[in-house]
Amino acid sequence: MADAETITAAIANNVRAQRAHRGLTLDALAARSGVSRGMLVQIEQCRTNPSVTTLTRIADALGVTVARLVEVSDTPVVRVVHSADVATLWRGDQGGSARLLVGSDAPAILELWDWRLGPGEHHDGDAHPAGTREMLTVLEGELSLSVYGKRHVVRRDEAVLFSADRPHRYANEAEGPLRFIMVVTEPRETPDL
């Protein structure tokens, strides 16, 4: 896996490059993303490792995936992501982790994640942009998925598809480990509301 320093440097370079490509100032990106100008400066100067929530807000404001922001190398036509290059973007207190395996922002915004939650762990997801959907399958254990306050249980070898443009929570309320694979898809254009 890529070490934290390498990922932080990639994030700094990619955020700066994506912002420059769009002709955005730091103030404009701050206004679009809801991330403070000071935090953006720290990110672009490689002085902080931003949270998944912060990365998601910046990616949404730039119209790219989180995967594009943490990408360590350029994207060829065929891209094999080696285990050493997989970015771990969240770690839980009980050994849980969220690893962004691969992502694409053209022609569709897609991300493939490998999640693990220890007993008692949870992760709260902010509402994604309108039209974002998540689908996942449980490989081990039992997932307690709450979407907009309503709880759903997804067991091993079961799958679920849901609208992720509202608050959601992944939780392991069982005694053993939980592992699931998740795909996130986000529309290129925000639908009219």
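This is a predicted model: local features need pLDDT of at least 70, side-chain atom pairs count only at pLDDT 80 or more; totals for chains, interfaces and linings use all residues.
Q: Why would spots three or four places apart in a helix point the same way?
A: An α-helix has 3.6 residues a turn, so positions with that spacing end up facing the same way.

Q: How far apart are the end C-alpha atoms of α1, and what span should its residues give?
A: Helix α1 covers residues 4–21, which is 18 residues, and at 1.5 Å a residue it should span 26 Å. Its end C-alpha atoms are 25 Å apart, so the two agree.

Q: What follows α1?
A: Gly23, with a positive phi near 65 degrees.

Q: Which residues other than glycine have a positive phi?
A: Cys46 is one of them, with phi near 65 degrees. Tyr148 is another, with phi near 55 degrees.

Q: Where do Cys46 and Tyr148 sit?
A: Cys46 is in the loop between α3 and α4. Tyr148 is in the loop between β6 (142–147) and β7 (150–155).

Q: Is Cys46 buried, exposed or partly exposed? And what about Tyr148?
A: Cys46 has 35% relative accessibility, so it counts as partly exposed. Tyr148 comes out at 62%, which means it counts as exposed.

Q: Back to helices. At what angle do α2 and α4 pack?
A: About 110 degrees, with their axes 8 Å apart. Helix α2 is residues 26–33 and helix α4 is residues 52–62. That makes the pair roughly perpendicular, because angles of 65 to 115 degrees get that label.

Q: Which residues meet there?
A: From α2, Leu29, Arg32 and Ser33. From α4, Arg57, Ile58, Ala61 and Leu62.

Q: How do the residues of that contact divide into nonpolar, polar and charged?
A: The contact of α2 with α4 has 4 nonpolar, 1 polar and 2 charged residues.

Q: Switching to Glu111: where does it lie, and is it buried or exposed?
A: Glu111 lies in strand β3 (residues 109–117). Its relative accessible area is 10%, so it counts as buried.

Q: What does Glu111 touch?
A: Leaving out residues up to four places away in sequence, Glu111 touches Thr65, Val66, Ala67, Leu100, Val102, Gly103, Met182, Val183 and Val184.

Q: What about His128, where does it lie and what does it touch?
A: His128 lies in the loop between β4 (122–125) and β5 (133–140). Not counting residues up to four places away in sequence, it touches Thr56, Glu134, Ala164, Asp165, Arg166 and His168.

Q: Okay, whole chain now. How many helices and strands?
A: The chain has 5 helices and 10 strands. Its radius of gyration is 17 Å, close to the 16 Å from the globule rule for 193 residues, so the chain is as compact as a globular protein of that length.

Q: What box do the C-alpha atoms fill?
A: Roughly 45 × 40 × 35 Å along the principal axes.

Q: What percentage of residues is buried?
A: 44% of the 193 residues in the chain.

Notes: Residues are numbered from 1 along each chain as its sequence is written. Side-chain values use heavy atoms; hydrogens and water are left out. Axes are lines fitted to C-alpha atoms, for helices over the stretch in contact, and angles run from 0 to 180 degrees between N-to-C directions. Helices (H or I, at least four residues) and strands (E, at least two) are DSSP runs, numbered from the N terminus. Angles under 35 degrees count as roughly parallel, over 145 as roughly antiparallel, 65 to 115 as roughly perpendicular and the rest as oblique. Contact means heavy atoms within 4.5 Å. Ala, Val, Leu, Ile, Met, Phe, Trp, Tyr, Cys and Pro count as nonpolar, Asp, Glu, Lys and Arg as charged, and the others, Gly among them, as polar. The expected span of a helix is 1.5 Å times one less than its number of residues. The radius of gyration is taken over C-alpha atoms; the globule rule is 2.2 Å times the number of residues to the power 0.38. Buried means under 20% relative accessible area, exposed over 50%, partly exposed in between (1.4 Å probe, protein chains only).
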